[in-house]
Amino acid sequence: MTAHVVPNALDAYWMPFTPNRRFKAHPRFVERAEGMYYFTPDDRRILDATAGLWCVNAGHGHPRIVQAIQAQAAELGYATNFNLGHPKAFEFAGRLAALLPGDLDHVFFTNSGSESVDTALKIALAYQRARGQGTRTRFIGRERGYHGVGFGGISVGGIARNRMSFGSLLPGVDHLPHTHDLARNAFSRGLPEHGAELADALEGLVALHDASNIAAVIVEPVAGSTGVLLPPQGYLQRLRAICDRHDVLLIFDEVITGFGRLGAPFAAELFGVQPDIMTLAKGLTNAAVPMGAVAVRGPIYQTMLDHADAPIELFHGYTYSGHPLACAAGLATLDVYRDEALFARAAAMAGPFEAALHGLGDARHVIDIRNLGLVGAVELAARPDAPGERGQEVFRTAFDRGLLVRVTGDIVALSPALIVESGQIDEAVGLLREVLASVP
Ligand SMILES: Cc1ncc(COP(=O)(O)O)c(C=O)c1O
């Protein structure tokens, strides 16, 4: 019999984005995972309806990815990418460039989504300067946006709690209005009908600051961490047109939407909108090894090379940029996505997912349901005196009943791995219905 060890001293670990006191009073653990399931130390099976944290797109512990990491660890565990190459970093960048839409054909490696965002913002500034537009230093993000936790990311991000304790942040940042409109769009299936005109706020910011001062606009094509806020029909196309009109870069943060989540390889393709820069992480390596990436269009890279005033064109990089284990995991992940046709599978499962999720329309506390591809959200009425508490209780109760969901405030998000079966969708939604009935 295997001895299962549960830590009995929890104090030293300061857990991220977690109510530490509450967790340590009532801890919950997982010990191993396979496919769609986690297993607790006492071998209870937990259906993972969130793909880890929107990241394990090919399911947990995929044998091909495991094998690739093991082999790479034995062959070359680490090499710096400063002035030194190893083949898999170049191979992985090339494979990504071939997969990414349009001419997003140059890739800078980071270790997380947060680093990807800060890298993308730095590239935008450096590019504007390199092309002789050094006054373009302002960024425009969006209310309720989540772009990780670096200073750049929280500056362009729009979640008050993530910003309020951390000083003055980056200067020169404005925010577009968010696109969540329950009055007009509640219970939309797919893209909401109303709100494309919210993109026009960008024209207002250009009028205020003048385009000559604006470097880039950054948005998540679908805002994930803030509770799955979908872009209204035509909204992203309108943002792109305004950016084009004023020669402003458009950055898509596809950390969640990349690698099949929406039923297309990338949101840019689903929406037919080409960003100038794209940030990636999560599904990039199936989350088996931490990694992020920033992809840029050919002319951005070329401008940086042509106008460099020093041999190094971009003074930026990480000890672990292009880490061999991450590259090996990423290459194997791309093989799995291709060989198992997982992006097409996500598209095929989007219909059953939508139908099952909207079946919760009459469940207790539910005030909205929204979905696109294999991402969806069930928004609950907040307790008047304690916003977020109902959501937390739903999360805990669901886990106790064998279901892992992601909760933001009182919004329950579901984003199963792309391997999900329709029976598992039904199981997740059925469990969630029971949980909602039992939580006051
Ligand atoms: C859109 C987006 N950008 C950036 C990040 C940050 O990624 P990480 O947690 O890997 O730093 C996230 C994480 O959820 C994200 O959803």
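**Entry 1. Helix 3 and helix 13**

I take a helix axis as a line fitted to the C-alpha atoms over the stretch in contact, and I read angles from 0 to 180 degrees between N-to-C directions. The model I am looking at is predicted. I began with helix 3 (residues 63-75) and helix 13 (residues 324-339), whose axes lie 8 Å apart and form an angle of about 155°. Angles over 145 degrees count as roughly antiparallel, so helix 3 is roughly antiparallel to helix 13. I noted the crossing of helix 3 and helix 13 as right-handed.

I then listed the residues that meet. Helix 3 brings Arg64, Ile65, Ala68, Ile69, Gln72 and Ala73. Helix 13 brings Pro324, Leu325, Ala328, Ala329, Leu331, Ala332, Thr333, Asp335 and Val336. Sorted by class, this contact of helix 3 with helix 13 has eleven nonpolar, two polar and two charged residues.

**Entry 2. Helix 14 and helix 16**

Next I looked up helix 14 (residues 342-358) against helix 16 (residues 422-438); their axes come within 10 Å and cross at roughly 20°. The limit for roughly parallel is under 35 degrees, so helix 14 is roughly parallel to helix 16. The crossing of helix 14 and helix 16 is right-handed. On the helix 14 side I found Pro352, Phe353, Ala356 and Leu357 in the contact, and on the helix 16 side Ser422, Ile425, Asp426 and Val429. The classes in the contact of helix 14 with helix 16 are six nonpolar, one polar and one charged.

**Entry 3. Helix 5 and helix 12**

How are helix 5 and helix 12 oriented to each other? I read an angle of about 60° between helix 5 and helix 12 (residues 298-306), with the axes 9 Å apart. Helix 5 and helix 12 are therefore oblique to each other. Their crossing is left-handed. The contact consists of Ala126, Tyr127 and Ala130 from helix 5 and Ile300, Thr303 and Met304 from helix 12.

**Entry 4. The ligand shell and Gly113**

I turned to the ligand, which 14 residues surround. Ser112, Gly113, Ser114, Gly148 and Val255 are the closest of these. Which helix gives the most to the shell around the ligand? Helix 5 (residues 113-130) does, with three residues. By class, the shell around the ligand has five nonpolar, seven polar and two charged residues.

Gly113 is in helix 5, and it counts as buried because 30 C-beta neighbours lie inside 10 Å. Leaving out residues up to four places away in sequence, I found that Gly113 touches Gly148, Val255, Thr279, Ala281, Lys282 and Gly292. Two of these names, Gly148 and Val255, are also among the residues listed as closest to the ligand. I also noted Ala293, which is 180 residues from Gly113 along the chain, with 7.8 Å between the two C-alpha atoms.

**Entry 5. Positive phi**

I looked up phi next, as most residues other than glycine have a negative value. Trp54 is not a glycine, yet its phi is positive at about 60°. Trp54 is in helix 2 (residues 51-54). I count Trp54 as buried because 26 other C-beta atoms lie within 10 Å.

Ala287, another residue other than glycine, has a positive phi near 65°. I located Ala287 in the loop between strand 9 (277-280) and strand 10 (292-297). Ala287 has 22 C-beta neighbours inside 10 Å and so counts as buried.

Is Leu229 buried or exposed? I found 24 other C-beta atoms within 10 Å, so Leu229 is buried. Leu229 sits in the loop between strand 7 (214-219) and helix 10 (235-246). With residues up to four places away in sequence left out, Leu229 touches Arg144, His178, Thr179, His180 and Ala223. For His178 I read a C-alpha to C-alpha distance of 8.3 Å from Leu229, at 51 residues apart in sequence.

Last, I looked up Glu203, which is in helix 9 (residues 201-209). A residue needs 20 or more C-beta neighbours to count as buried and 12 or fewer to count as exposed. The C-alpha atom of Glu203 is 9.7 Å from that of Arg245, and the two residues are 42 apart along the chain.

Notes. Residues are numbered from 1 along each chain as its sequence is written. This is a predicted model: local features need pLDDT of at least 70, side-chain atom pairs count only at pLDDT 80 or more; totals for chains, interfaces and linings use all residues. A residue is near a molecule or strand if its C-beta atom, placed from the backbone, lies within 6 Å of it. Helices (H or I, at least four residues) and strands (E, at least two) are DSSP runs, numbered from the N terminus. Ala, Val, Leu, Ile, Met, Phe, Trp, Tyr, Cys and Pro count as nonpolar, Asp, Glu, Lys and Arg as charged, and the others, Gly among them, as polar. Angles under 35 degrees count as roughly parallel, over 145 as roughly antiparallel, 65 to 115 as roughly perpendicular and the rest as oblique. A crossing is left-handed if the near helix is turned anticlockwise from the far one by less than a right angle, and right-handed if clockwise. Two residues are in contact if their C-beta atoms, placed from the backbone, lie within 7 Å.
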